[in-house]
Amino acid sequence: MENGKRYFDTKEFRDILNRYEQMKAENICSYFDADDLYNLLLYFLFYEKANEAEYIYDYACKLHPGNSELLAKIEIRILLSSGRPEIALEKLDAIAFSEDIETLILKAEVFLALREYKTSSNIARKILQKRELQNEEIYDALSILLDCGSTQEALQIVEEKLQKNPKQHELLEAKAECLIEMRQTDEAIEIYNYLLDNNPFSIIYWEQLGRIYFMLERYGKALDCFEFELAIDDGIDYAKLMQGHCYYKLQDYMQSLTVFQGLEKKFPNDIIPKFYIALSLGKQKAHADAIEKFNEVVKLSTQENLCTIDGMIALTNLALLYKDLGMDDLAVATSCEALKNFPEYEFKQLMLDNYSLFELRDKENMTYSDIDRIDAKEWNKAEALYSYGISLFRQGVLDIALQAFLTARYYAKDKTEIDAFIAYILHTTKRDADIIQYVTGALNGKSNKLFELFDIPYKSTILPEEFIKQIES
C-alpha cells in the first residue's frame, strides 16, 4: 500500500479520488478496497479535511466491518490529526498489529506526536536497517528522522544511498527536504528543477518548489509554480489555496478574492476561504461586505463555544473596520470581545507582524521569517498579547491597542514595557488622570521604552512626578 504524498500525484489515485467524489455527488454507494480507503483517508488528512476523513471512517466500517486493523489504523490517523496522540497510543497498544513497515511508520508518527523523539527516531532507524525496502518506505523513514530533528543523520543516510543510485527520485526528494530544513534552499531548488526536467508534469515537484519560494517570500515565483501545477490539474485544491495566498501577498486583491470565493463554494464550512475573502474585501475598502464575511467567520469559529484564534483575529479585524468607519465605541467593544476569545493554545501567531488587517496564519502560509519568530522561544500569553498590542499600536488605533496592553498586563509577571505603552496611550488620548501608576511602574522597571515613546532622553533617576511634569510641558 502506498501512503506517501507522491502517490496522490499518480493517475491511479486521481481515478480513485474522482470515483469517490462522483459517488458522493450522486449520493450512491461504491465499493473501495481497504487500500483505496486508507489512501483516501491520508489524502484528506494531508489537506486537513477532517469531515471527509470522518466520512471515510464511517464508510470503511460499512464496507469492511471485519477488518479491525484497517479500522484501527484509520481511527489512529484521525486521532493524530486532531491532536490526540495519547488516545492514539492507547489504540495502538490495544490491537495486535502486524509488524510491517507501514505499521512501524504509524507507530513512529504516534511517538513523534507525543514528542518522544528518541523512540520515534529509533523506529525509523530500525526500518532503515531492513533489507529490500521500497523507495517509498525509505523516504517515509527518513521523513521521521527529519521531523525528530535528526537532519544531519538523515542527510548522511540519503547521501550514502544516492552513491549507489544517484538518480533515484525518492532519495533526491528526501535530500531536498533535508536541505530545506537546513535552509540550503538554492541546492533544494536545483534538485527540484532537475526532477522537473525529467518529469515536467509532476504535481508534487511544482508544489514543493512553490512552497520553497513562498517560504522565501518570493511570491511571484511561488505563484508561477502553483499555476503550473493547476495547468496540469486544475482540480488540486491545495494549489488553488496557495495561489490565493500568493495573490494576497502580492496585493492583487481582486484575484485573491476570486480564488478564495471559488474555494468557499466548494468548502462552505472551511474558515480559511471565508477569512481571506473578508481580508481581500477589506483591503479594497468594501467595508460592509468585509464585515459581513468576518461575522460569518466568527459564527463558524465559535459554534462549540470555544475560544479560537480564528474567532479572535476575525473580531480584531471587525474592530479595525469599525474604527476605519469612525464607529469608535463599537470598535472598542468589539476589540474587548476579541480579547475575551483569547485561545488557550494556538496563540503564537500573534507574535507575527501584522499590517492593517490581521492575517490568519497556518502551516501553509508561513514563511521562514515567521517560523524563526515563532520558534525563537516558548512564548507565553502575556508576550503574545504584548506583541498583538504593538501591532495595533503601530497602526495608530490607540484605544484598541490599549485594551490589548491592559489584558497583557493582567497576565505579565514583568509589566515594565507594557506600562510604558499604556502611559503613552493614556497621555496621547488625554486621559492623564490615570497615568501615574503606569509611569511609576515603567520607571521602577527601568524602562527605556517609556523615554523612547515620549522622545525624552533617558534618565534613570527621574521621579514619576517629574517625568509627568516634563511630558506635560
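In what hand does α24 pass α26 at their crossing?

## Helices α24 and α26

The crossing of α24 past α26 is right-handed. This is a predicted model, and the description below refers to that model. Helix α24 spans residues 436-444 and helix α26 residues 464-472; their axes come within 9 Å and cross at roughly 115°. The two helices are therefore roughly perpendicular.

On the α24 side, the contact involves I436, V439, T440 and L443, which meet P464, E465, F467 and I468 of α26. Sorted by class, this contact of α24 with α26 has 6 nonpolar, 1 polar and 1 charged residues.

## Nonpolar core

The largest nonpolar core has 175 residues. Y388, F405, L450 and F467 are those with the most contacts inside it. Helix α18 (residues 309-324) supplies the largest share of this core, 10 residues. As a general point, nonpolar side chains in soluble globular proteins tend to be buried together.

Leaving aside residues up to four places away in sequence, L450 touches A420, A423, V439, A442, L443 and F467. Among these, V439 and L443 are in α24 and F467 is in α26, and they also take part in the contact of the two helices.

## Helices α15 and α16

Helix α15 (residues 253-266) packs against helix α16 (residues 271-283) at an angle of about 155°, with the axes 8 Å apart. Angles over 145 degrees count as roughly antiparallel, so α15 and α16 are roughly antiparallel to each other. Their crossing is left-handed.

From α15, the contact draws on Y253, S256, L257, F260, Q261, L263 and E264. From α16, the residues are I272, P273, K274, Y276, I277, S280, L281 and K283. The residues of this contact of α15 with α16 divide into 9 nonpolar, 3 polar and 3 charged.

## Positive phi values

Most residues other than glycine have a negative phi. N27 has a positive phi, near 55°, and is not a glycine. N27 lies in the loop between α1 (11-26) and α2 (34-46). With a relative accessible area of 70%, N27 is exposed, because exposed means over 50%.

E217, also not a glycine, has a positive phi of about 65°. The loop between α12 (203-215) and α13 (219-232) contains E217. The relative accessibility of E217 is 40%, so E217 counts as partly exposed.

Definitions and conventions. Residues are numbered from 1 along each chain as its sequence is written. This is a predicted model: local features need pLDDT of at least 70, side-chain atom pairs count only at pLDDT 80 or more; totals for chains, interfaces and linings use all residues. Side-chain values use heavy atoms; hydrogens and water are left out. A nonpolar core is a set of buried Ala, Val, Leu, Ile, Met, Phe, Trp, Tyr and Cys residues joined through side-chain atoms within 4.5 Å. Buried means under 20% relative accessible area, exposed over 50%, partly exposed in between (1.4 Å probe, protein chains only). Helices (H or I, at least four residues) and strands (E, at least two) are DSSP runs, numbered from the N terminus. Contact means heavy atoms within 4.5 Å. Axes are lines fitted to C-alpha atoms, for helices over the stretch in contact, and angles run from 0 to 180 degrees between N-to-C directions. Angles under 35 degrees count as roughly parallel, over 145 as roughly antiparallel, 65 to 115 as roughly perpendicular and the rest as oblique. A crossing is left-handed if the near helix is turned anticlockwise from the far one by less than a right angle, and right-handed if clockwise. Ala, Val, Leu, Ile, Met, Phe, Trp, Tyr, Cys and Pro count as nonpolar, Asp, Glu, Lys and Arg as charged, and the others, Gly among them, as polar.
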